[in-house]
Amino acid sequence: MSTKEYINTLHAPEAIGTYSQAVKVGNTVYLSGQIPLVPETMTMIEGGIVEQATQVFHNLAAVADASGGSLNNAVKVNISLTDLSVFAQVNEVMAKFFSEPYPARACVQVAALPRNALIEVEVILAL
């Protein structure tokens with residue numbers, strides 16, 4: 001059985017609950033869901049869905065980097081939104097952080113997210 005490595009970086013928000021920023025098992029890295037917190041202040045970024053999505057993907061990129069990879073190693077992306085009507089805007093932001101061929105993806109609408117975030121995203125990497 002592979003050993004688990006716990007990933008932590010100061011360039012992404014610290015965990016606000018009982019979880020790690022990411023866990024690496026073998027060549028697979030499971031990045032915990034990120035909301036649009038600014039790592040230095042642990043406060044929500046100001047603005048709407050574009051600003052929030054951009055911060056989320058910056059946070060995820062930092063954790064991916066700390067794991068020895070990048071978002072280009074993503075094989076699966078799970079997006080939770082509080083309003084699916086903003087999906088096109090999120091898609092445009094996502095296109096700035098990923099290159100083709102794109103990872104598999106799921107997107108769902110949820111009733112609420114921590115700290116009243118509009119978006120939360122989790123990623124699985126294959127290194």
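Modeller: Happy to! By a nonpolar core I mean a set of buried Ala, Val, Leu, Ile, Met, Phe, Trp, Tyr and Cys residues joined through side-chain atoms within 4.5 Å. Buried stands for under 20% relative accessible area, exposed for over 50%, and partly exposed for what lies in between, using a 1.4 Å probe and protein chains only. Please keep in mind that this is a predicted model, in which local features need pLDDT of at least 70 and side-chain atom pairs count only at pLDDT 80 or more, while totals for chains, interfaces and linings use all residues. Residues are numbered from 1 along each chain as its sequence is written, and side-chain values use heavy atoms, with hydrogens and water left out.

The largest nonpolar core has 28 residues, and those with the most contacts inside it are Leu 31, Ile 119 and Val 121. Two or more of its residues come from each of strand S3 (28-34), H1, S6, H2 and S8. Helices (H or I, at least four residues) and strands (E, at least two) are DSSP runs, numbered from the N terminus. H1 gives the largest share of this core, eight residues.

Let's zoom in on Ile 119. Leaving aside neighbours within four places in sequence, Ile 119 is in contact (heavy atoms within 4.5 Å) with residues including Ile 49, Ala 53, Val 56, Ile 79, Leu 81, Val 90 and Leu 113. A second, separate core of five residues includes Leu 37, Met 42, Leu 113 and Ala 117. So Leu 113 belongs to that second core and also touches Ile 119, while Met 42 is buried, with a relative accessible area of 18%. Met 42 lies in the loop between strand S4 (37-38) and strand S5 (43-44), and its phi is near 55°, a positive value in a residue other than glycine.

Next comes H2, whose buried residues are Val 90, Val 93, Met 94 and Phe 97. They line one face of the helix, because seen down the axis of H2 they fall within an arc of 105°; the arc is that of the directions from the helix axis to the C-beta atoms. An α-helix has 3.6 residues a turn, so residues three or four places apart point the same way. On the other side of H2, Ala 88, Glu 92 and Lys 96 are exposed. The cover over the buried residues of H2 includes H1, strand S6 (74-81), S7 and S8.

Across the whole structure, a search finds two aromatic pairs. One is Phe 57 with Phe 98, edge-to-face, at 5.8 Å centre to centre and 90° between the planes. The pair links distant parts of the chain, since Phe 57 sits in helix H1 (residues 49-66) and Phe 98 in the loop between H2 and S7, 41 residues apart. Rings of Phe, Tyr and Trp (its six-membered ring) pair if their centres lie within 6.5 Å; planes under 30 degrees apart count as stacked, over 60 as edge-to-face and the rest as tilted. Both partners are buried, Phe 57 at 0% relative accessibility and Phe 98 at 5%. Together with Phe 97, they form one aromatic cluster. The loop between helix H2 (87-97) and strand S7 (104-109) also holds Pro 101, and the peptide bond from Glu 100 to Pro 101 is cis, with omega near 0°.
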